[in-house]
Amino acid sequence: MEKIQHSHVPAKGLKLHVAEIGTGPKVVVFLHGFPEIWYSWRHQMIAVANAGYRAISVDFRGYGLSEHPSEPEKATFNDFVDDVIALLDSLSISKAHFVGKDFGAIVAAMLAMLHPDRLSCIILLGVPFLVPGLSPLQSQLPLIPPGFYMQRWMVPGRAEADFGRFDEKTVVRKVYTMFSGSLPPVAADDNQEIMDLVDLYTPLPSWFTEEDLAEYGSLYEKSGFRTALQVPYRNLMVPCGLDNEKITAPGLLIMGEKDYILKFPGLEDYIRTGKIKESVPNLDVTFMPEGNHFVQEQLPEEVNQLIISFLNKH
């Protein structure tokens, strides 16, 4: 970890925090999800650097050590895509491999469609090929229960009030604990809040240490959750005009068999039936039997091997 270098790079009028290790022309850009941060990729960064790649992990605008936009409530997925392209330009990187997790996978997919010339291959974890508007799963959306955590966090003010009862470290602890399970967080009724689904005394997952939690907590103390609630949650259902686009680059999808996301209506069938390949024809799919939503932190050695093997082919 001590070999990872940190800097701030100008992008679209903001300074984005970048963590970096390794040198050379082969570049891998890691894009985090929620409630993650650059640190979520610590294991993968070191592994790909040791394999001969230059590893870059960025905090999205409004996350971690990156600057906030002037109006976080107006941030969009397209802003995040534009930031990444501006980041590549600032670092004089013409093309890179992209690895995206959770909503970072959505940003990576949009990059692959909007800027195919900047991408060598794409690796997605925890979320398959989806774009804002969730077009492949539109017919399934009515099946989502009203207490579903995404539905709750889409409502301006509700998550702020829910999260605001706790410090940032406790919020991250609760979300990590919930998202490590095999079932989606769903409130029983309108009087129950999502943060109340996890007891404060529930032990952390064995692969997530108190030191890890302290790192996340300190970073979210700096950034808060204003931008994080806007992107992904309050932009997730806003169509981005890419419903009929395809990703032509080689792709790899890594999913944990015990990832709660697979319980999202229609999502597992979308992957297993091969319908996903209508949008990403050159996609390999790997399911990890014991994997959960944080598979890259839970099973880093296995994930590192999958990523490096795929990168070496492309």
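Guide: Happy to. Please keep in mind that this is a predicted model. Let us begin with the lining of the largest cavity: its residues divide into 15 nonpolar, no polar and 1 charged.

Visitor: How many cavities of 30 Å³ or more are there?

Guide: The count comes to 1 cavity. The volume of the largest cavity is about 190 Å³.

Visitor: Which residues lie nearest the centre of the largest cavity?

Guide: They are Ile106, Val127, Met150, Leu236 and Ile261, out of 16 residues that line the largest cavity. Helices take part too: H3 (103-114) and H4 (149-153) each supply at least two residues of that lining.

Visitor: Now for helix packing. How is a pair of helices described?

Guide: Two packed helices are described by the angle between their axes and by the distance between those axes. Here, take helix H6 (residues 168-179) and helix H7 (residues 210-223): they pack at an angle of about 125°, and their axes are 8 Å apart.

Visitor: Which residues make the contact?

Guide: From H6 come Glu168, Lys169, Val172, Arg173 and Tyr176. H7 brings Glu210, Leu213, Ala214, Tyr216, Gly217, Tyr220 and Glu221. Sorted by class, the contact of H6 with H7 has 6 nonpolar, 1 polar and 5 charged residues.

Conventions: Residues numbered from 1 in each chain as written. Predicted model: local features only at pLDDT ≥ 70, side-chain atom pairs only at ≥ 80, totals over all residues. Heavy atoms only, no water. 1 Å grid on protein atoms, 1.4 Å probe; cavity = no way out; pocket = protein on both sides within 12 Å on 5 of 7 lines; lining within 4 Å. Points joined across faces, edges and corners; volume = space filled by probe spheres on them. Helix = DSSP H or I, 4+ residues; strand = E, 2+ residues; numbered from the N terminus. Nonpolar A, V, L, I, M, F, W, Y, C, P; charged D, E, K, R; others polar. Axes fitted to C-alpha atoms, helices over the stretch in contact; angles between N-to-C directions. Contact = heavy atoms within 4.5 Å.
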